[in-house]
Amino acid sequence: MAEAVAPPGRRVLAWAQEYGVYAAVGVLLLFNVLFTPHFLDVANFRTQLVQVAPIVIVSLGMALVIGTQGIDLSVGSVMSLAAALVALYLGYGAWPALLVALAGGAVAGTAGGALVAYVGVQPIVATLALLVGVRGLANVLVPQLVEFRNPDLIALGSSSLSGVPVIVVIAAVLTLLTAFLVRRTTFGRQVVAIGGNRAASELSGLPVRRVLLLVYVISGVLAALAGVLATARLQASDPTSLGLFIELSAITAVVVGGTPLSGGRIRVLSTVMGALLMQLLSATLIKHNLPQSWTQIVQAVIILAAVYATRERGTR
Amino acid sequence: MSQSAAPVLEARRISKRFPGVVALDGVSLALLPGEVHALVGENGAGKSTLIKVFTGVHRPDGGDLIYNGSPVAFGTPLDAQRAGISTIYQEVNLVPMMSVARNLMLGREPRGRLGVIDTARMYGEAERILAGYGVVTDVRRPLRTFGMGVQQMVALARAVAIDARVVIMDEPTSSLEPREVETLFSVIRRLRDDGIAVVYVSHRLDELYEVCDRVTVLRDGRVAHTGPLAELERLKLIALMLGRDLDEVRTGGLTRFSRDRRHARERDGAQPAVRAEGLTRRQVLRGVDVSVWPGEVVGLGGLLGAGRSETAKGIVGALPLDAGRVVVAGLPLRTGSTTAAIRAGVGLLPEDRKAEGIIPALSVRENIALAALPSLSRAGVVSDAKIDKVVEVFMRRLRIKAASPHQPVQELSGGNQQKVLLARWLAIRPKILLLDEPTRGIDVGAKAEVQALVDELAEEGLGVLLISSDLEELVEGADRILVLREGAVVGELSGDDVTEDTIMTSIAERGAESDG
Ligand SMILES: Nc1ncnc2c1ncn2[C@@H]1O[C@H](COP(=O)(O)OP(=O)(O)OP(=O)(O)O)[C@@H](O)[C@H]1O
Ligand SMILES: [Mg+2]
């Protein structure tokens, strides 16, 4: 019980729940500034941010889904579907290809959302089925890596707006939009309420099923966008391996950011911080020549710490 | 009970603070063996907190607990239970998905060879135990499929079955019918005769006087009075609870419903505010017809499981129906959609506030605004100014006690959570309100206010369907009463026929008829 903890300890814990992830990012940055050569180089910063941007975009959708007590395992496969669709439709131009890819994400999201909201399948099962099926579909559509030379798409992946990579700008804008969606819109408040108590939300007249469906659609579209951006950056469509295991990174970002898996609370900015933290962590350990296995162990410790902190909040 | 006996459980100058409130401030209470000790006070006075300190849920910030003559500090509720302190909490905390039998026998299931649970014996034993409490039912069904009344009886049977020296009951009767309350009282008397100390928390004063020996009154976290109950006049008790002068209480009055419109009532409007026809659901409702005219308060009477809550849920579309239709102000309502019902101005205040009412982690403010969100926003963006205004109005009007509107609703006392739910429904400006146990867990002062409010709204043309296990409330509040039995309307009382006696006989008579 939370009450069993001595008051000062409890206050520290409460603080860690709110701001722990920000503090951790700050500490890591400081460490790198002091001990990692060339860390402050602009090039290095750009690389880190460009790498993390797709994860951030996927995590935003994941945070919404987790806020409803759900989970979306299909995001990686949706990314690969988007890559495949882009490759297929690039002949019509970059923008039509992008739209088709996003539509593909919306369809996948609708399938998952309908299973969850209307059929009543457990989210983990419904999206697991999509995880397998959608990647299969993507591989059927485009069985091997396809390189392309469409200048618009390449520009999307590599150009900058006053020094900031476009991908990073898009991720930042989407973050702000999602934060606004969650905090300020009827839809966002309904998402949180449904995650907090579904039966009560139903009795309060909330369109529970529609909201749930929409949440998965948003997650699907965001994943598809992340897939297109990653493809643009690679300058090649690679449905076989694009987005593999990204669902784990996204869930990690959400959890480390302090959003409880039990739903009813969504922390958008902290989720982004969670993604940044994991990115910085692996970059730091790599720069100091620690083996990959170390990175994984440290990540595991951070996840456990984050889960412990949110659990304490949940039981109070 | 012998006055000289040493206390079995004693609190000495216990204090407990939460962020923003002092819940307990130097509270002392001595519990003697073989006494039934009433613990009373306004909503948020600290009753549940004191109980949770007794049982190791909360650790006190100061003071001592003495159990059997020696200081104790229970780390967890389980420790307290093992030591012989058995508790029925205010919010039933059993496991909804598990069967009734499982819940009852949890932790002490009969085991066969190899330590495997002997399910046949478990079901048999559970059936036998529950029958002793007047509950005859299929113990294999999951607990959540039953109403709050049955759940409370299961919690009671479970608490008493554990070999205890102290039994604590936090509002055990809030969902019980008179008949079950009688069963509960005979259980309490038996416990007392066995020398067990009972702590009894309730807002129903009649019950206190019927079963309790001594009383401790809490007010704002302090002990306002402690002593024998019989010597304490009823109004004096209320005055102590509210912290007012006796005279003030006497003249200010605690009138509840003040209606005498029953006779003069002509049905304004050509059509009922809501008309439900032939509501049917297998094994639950068998063709229920209910109409409520604007300005009318219709009560639903009947025993537990008669289908009262189900009728209300069927009307708002929260219970899938096999047949039947609902017409609101002349327009048919899309079935099976609470969203459509609320848009038409029909709201249901549910009976089970923990499972179906509050969104625990959200703030008081968001809980109040929840159902009215569409009307408190523009183009899908919520308007803080509008929400603040509504929240302010209702927090003041219902006197909701919270550290701030931004406090998570789960941190409020039970009665204050109930007020938050009421506010949620009033905020949608309803045309018809279905109130399932609206004053459940609300203190005397607030109860009068809520009832006056219902009155006032009815006066303004609101139609109300009132479900209450408190017969007095039903009689004083309702213009007309429909008596339900086994999912069908078996009688209607109106005008001077509406008395506690006629309702009781109506329920019993019809019962005898259909039994015989
Ligand atoms: N976990 C908590 N966190 C913060 N405040 C709390 C918590 N639990 C109780 N409180 C506050 O402590 C005070 C006492 O609450 P308590 O539940 O003991 O009241 P009560 O006497 O049982 O009231 P009721 O009759 O409504 O059940 C209230 O102001 C309540 O808001
Ligand atoms: Mg209480």
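Predicted model: local features only at pLDDT ≥ 70, side-chain atom pairs only at ≥ 80, totals over all residues.
Me: Why is His203(B) called buried?
Reply: Buried means under 20% relative accessible area, and His203(B) has 9% relative accessibility, so it counts as buried. The residue sits in the loop between strand S8 (197-201) and helix H7 (205-211) of chain B.

Me: What makes the pairing of His203(B) and Glu171(B) a polar contact?
Reply: A polar contact needs a pair of N or O atoms within 3.5 Å, and the side chains of His203(B) and Glu171(B) are joined by one of 3.3 Å. The side chain of His203(B) also makes a polar contact of 3.4 Å with that of Asn43(B). Beyond its neighbours within four places in sequence, His203(B) is in contact with residues including Lys47(B), Gly441(B) and Asp443(B).

Me: What makes H3(A) mostly covered?
Reply: Of the 15 residues in H3(A), 12 are buried, among them Val75(A), Met79(A), Leu81(A) and Val86(A), where buried stands for under 20% relative accessible area.

Me: What does the UniProt record list for chain A, and how much helix does the model have over residues 48-66?
Reply: The unreviewed UniProt entry lists several stretches of chain A as "transmembrane region", including residues 48-66 and 162-182. Over residues 48-66 of chain A the model is 100% helix and 0% strand, with the end C-alpha atoms 26 Å apart, whereas over residues 162-182 of chain A it is 81% helix and 10% strand, with the end C-alpha atoms 29 Å apart.

Me: Why is the link between Asp384(B) and Arg184(A) called a salt bridge?
Reply: The rule asks for a side-chain nitrogen of Lys or Arg within 4 Å of a carboxyl oxygen of Asp or Glu, and in this pair the closest N and O atoms are 2.7 Å apart, which makes Asp384(B) and Arg184(A) a salt bridge. The count between chain A and chain B is 2 salt bridges, and 11 residue pairs are found in polar contact across their interface. On the side of chain A that touches chain B, two or more residues come from each of helix H7 (166-184), helix H8 (186-196) and helix H9 (198-203), and the largest share, 6 residues, comes from H8(A).

Me: How much area do chain A and chain B bury between them?
Reply: The two chains bury about 2,300 Å² between them, 55% of it on carbon and sulfur atoms, and 25 residues of chain A are in contact with 33 residues of chain B.

Terms used. Residues numbered from 1 in each chain as written. Chains lettered and ligands numbered in written order. Heavy atoms only, no water. UniProt positions renumbered as here; feature names shortened; annotations may be inferred. Helix = DSSP H or I, 4+ residues; strand = E, 2+ residues; numbered from the N terminus. Buried < 20%, exposed > 50% of the residue type's maximum accessible area, 1.4 Å probe, protein only. Contact = heavy atoms within 4.5 Å. Buried area = accessible area lost by both parts, 1.4 Å probe. Polar contact = N/O pair within 3.5 Å; in protein donor to acceptor, adjacent residues only side chain to side chain.
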